[in-house]
Amino acid sequence: MDMIVDIASWVLLVAGGIFCLIGGIGMLRMPDMFTRLHAASIIDTLGMGFIVLGMILQAGFTLVAAKLIIIAALILLTSPVATHALAQAALHAGILPKLKHDETDGHIAGEDGSSKS
Amino acid sequence: MVVTVIGIIRAHNLFAVVMLGGVYSFLMATVLVILDAVDVSMTEAAVGAGISSVLLLAVLHLVRMREAPLRHTPVIPMIVCLLTGGALVYGTVDLPPFGEAGGPQNQHVAPYYIENAEHETHSPNIVTAVLASYRGYDTLGEVTVIFTAGIGVLVLLAARRRREDDEDEQKGGAA
Amino acid sequence: MSTILADLNYWVTVFLLVGGLYIVVAHGNMIKKLVGLSIFQTSVYLLFISPGKILGGTAPILDDKYTLYSNPLPHVLILTAIVVGVATIALGLALVVRIHESYGTIEDDDLTDLESDT
Amino acid sequence: MRDTIILRVVVKLLLPAILIFALYVQFHGDYGPGGGFQAGVAAAAAIILYGMIFGIPAAKQVVPPSVVFVMIPLGVLIYAGTGVAGLLLGDNFLDYSPLGSKPVYGQHLGILIVEFGVLVTVSSTMLAIFYAFGGRADEADAAEEARKDGEGGS
Amino acid sequence: MTMFAVATIAVLVTIAMVLLRALLGPSLFDRVLAGNTVGTLAVLTLALIGFVTGRPEFLDIAILYTLLNLIGTIAVLRYFKMADPVNPEQAKE
């Protein structure tokens, strides 16, 4: 039984570490800010989720596990909010996503003008 | 880790400086946890990353300025800093080595605290016990310092507001 | 090798201290000076905390499982120092705001010019 | 920032969590990491978050400045008063032993009260400082917008 | 024990990469994003270090970090909004 739990948390922790690394590489290599948001969200969701799951398996059914669940829930709640606010602010500040052709038809600029008034 | 952040902190955009300051604070707190200073790390994270970056940002918002380029090449500060650093590195040779239980810094009163804090104050967290009980005077003085600083900020920032109100009234009267 | 490892923490501390000092001395912008000041303070925290760490010891929160604890005394001192530090920074920022209102600038050199003009 | 509903909702959800966490840190400080300073800063951070999202006036309705100004000296008074209480009960200044039936309980009680004093002072000071700076920033915003409107109208 | 060490090393390497982005970051938002991510990773590091050293009860600090991370990010966005209309670093984008 212990063996299975150990193997499972090994797998989860290593997977989480790999996802974190992928996210970090993405943060470095992605061309503009909005694509980097995707890389960051990999770290925030998958990397964090796997690592916390692995730790919960090791912690067993204790207060520590409860605290870990609280941490996971808080990160899952706050980090998308921060990212959302960030993307919105970036759009308002006039940074546009790099697109092959302009798919927004100037919507963004229009929103920008209306919300500032 | 910390070295990286420090090396960067010379950006010219002040917002970037403050951002890096917050990141630096987080990393510093992590290092403090590794060094077993749990309470200190908690405070450092809350104060450094939370409160002081909010305050710095609010002030930046008020002041709205980029840093002007340096007018003279900073040769003299460079020399001063290098000299200080050299002297300090020379000084570290005589400091007790890292992580030894028998070092002089761990012999004085600390063992007494560790042994007696539990049954004298019923508080397993020695830091809290020492902070509030054995060294109560320090903490009292420190609370007073915060109190004074708060009053100082309020006096500095509220004085002008009153004057501005006066000016508004004067303008209103003149019009 | 062992001396390098033993002194590594002190060297990091010295580097932080010198970096903070350099920012305070060499840069003219007052907000940047304040950030430098806080880095300087952080190096002092590190200087106090790192000798208190005992290899193999744990954080000074008593538990039956552990016998070796790190030195709690520097933690207490630094705990107060941090909060005093933020109070200092707040006071400095208030001064910066007032200076900006009175003179319209927060650059050291500009202020010197203004004073020599009058 | 004012017109994002996501931020508003999430902040409303998080606010009680942060406050409860601050209380947990405060009163669990004897057994785990934590204490008056950390709890004070966390509680102040909760209100600061509220003030940043909903505007300083809304935060001032939650915690009026008059209350804050009373709380700043109150914390120092609680701290010093505990010390004086020890003095009056026949012991040294800031010696909490006579507060309880046994010295150990007295010490424990004294630590709790003193930490509470620290909490009150730290959190209210941070709040007062934030009100001072943030209020300034908001005024500057308002002035800016007024100027922009004036330019647009002219 | 080793599994936590492995994960910790992975997270530390990631922190280094994200820090590099924070240094390079062409626009301010890149730096904010990197700062936010460093906050999340610091939470993970703390939790993992707690397990490595065998005292996992210090997760309180991690919870506090999570909350402060949000506050820091929102503070930046709130006060950045109209601070510096002419930002040469953004013009480069």
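Start by selecting D:Q26, which counts as buried because its relative accessibility is 2% (buried means under 20% relative accessible area, 1.4 Å probe, protein chains only). This is a predicted model, where local features need pLDDT of at least 70, side-chain atom pairs count only at pLDDT 80 or more, and totals for chains, interfaces and linings use all residues. Residues are numbered from 1 along each chain as its sequence is written, chains are lettered from A and ligands numbered from 1 in the order in which they are written, and side-chain values use heavy atoms, with hydrogens and water left out.

Helix α1 of chain D, residues 5-27, holds D:Q26 (helices are DSSP runs of H or I, at least four residues, numbered from the N terminus). Leaving aside residues up to four places away in sequence, show what D:Q26 touches: D:G35, D:G36, D:A39, D:L112, D:E115, D:F116 and D:L119 (contact means heavy atoms within 4.5 Å).

Next, select chains E and A. Here 42 residues of chain E are in contact with 42 residues of chain A. The two chains bury about 3700 Å² between them, with 82% of it on carbon and sulfur atoms (buried area is the accessible area, 1.4 Å probe, lost on being put together, summed over both parts). On chain E, pick E:M3, E:F29 and E:L33, which lose the most area to chain A, together 17% of what that side buries.

Now display A:K67 and E:D60, whose side chains form a salt bridge at 3.1 Å, N to O (a side-chain nitrogen of Lys or Arg within 4 Å of a carboxyl oxygen of Asp or Glu). Across this interface the rule finds two salt bridges.

Note on methods:
Helix = DSSP H or I, 4+ residues; strand = E, 2+ residues; numbered from the N terminus. Buried < 20%, exposed > 50% of the residue type's maximum accessible area, 1.4 Å probe, protein only.
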